[in-house]
Amino acid sequence: LTGLASRSRGIPDRQTTLAATVRWSVDLLDADEGTLFPRLSVFAGGFTLAAAQEIASGGMRRPLSDVLAGLVDKSLERGPKAARRGLFRSATVRRS
């Protein structure tokens with residue numbers, strides 16, 4: 001069992017745990033994305049652009065659509081085309 005707890009050779013620190021991977025991704029966000037990303041956590045099952053506008057008021061310099069596009073580009077949110085029905089969805093971790 002000690003092999004499960006040890007660090008594998010050649011794997012960057014950011015990929016040793018799921019938490020480290022998410023933390024690394026969040027650390028790459030710009031200021032506006034870093035402001036919006038935690039606010040979007042209030043939604044379960046997806047959200048519309050209008051709903052995101054309701055919770056995104058203040059604290060961002062760029063338009064909401066640009067900030068959301070940045071989160072989609074960084075794979076932290078899924079855009080409405082991928083999610084269908086015009087909903088954005090947060091990236092989720094699935095266990096098999």
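This is a predicted model: local features need pLDDT of at least 70, side-chain atom pairs count only at pLDDT 80 or more; totals for chains, interfaces and linings use all residues.
Stop 1: Select residues 31-39, which form helix α3. Its buried residues are Asp32, Glu33 and Leu36. Look down the axis of α3: these buried residues fall within an arc of 90°, so they line one face of the helix.

**Stop 2: the N-terminal end.** Select Asp30 and Asp32. Asp30 caps the N-terminal end of α3. One of its side-chain oxygens lies 3.1 Å from the backbone nitrogen of Asp32.

**Stop 3: Asp32.** Stay on Asp32, which is part of α3. Is this residue buried or exposed? Its relative accessibility is 3%, so Asp32 counts as buried. Set aside its neighbours within four places in sequence. Asp32 is then in contact with Gly59, Met60, Arg61, Arg62 and Val67.

**Stop 4: Glu33.** Move along to Glu33, also found in helix α3. Glu33 counts as buried because its relative accessibility is 2%. Which residues does Glu33 contact, leaving aside its neighbours within four places in sequence? Show Arg62, Val67, Gly70, Leu71 and Lys74.

**Last view.** Display Arg62 and Val67 together with Asp32 and Glu33. Asp32 contacts both Arg62 and Val67, and Glu33 does too.

Methods. Residues are numbered from 1 along each chain as its sequence is written. Side-chain values use heavy atoms; hydrogens and water are left out. Buried means under 20% relative accessible area, exposed over 50%, partly exposed in between (1.4 Å probe, protein chains only). Helices (H or I, at least four residues) and strands (E, at least two) are DSSP runs, numbered from the N terminus. The arc is that of the directions from the helix axis to the C-beta atoms. A polar contact is a pair of N or O atoms within 3.5 Å; within protein, one must be able to donate a hydrogen and the other to accept it, and residues adjacent in sequence count only if both atoms are side-chain atoms. Contact means heavy atoms within 4.5 Å.
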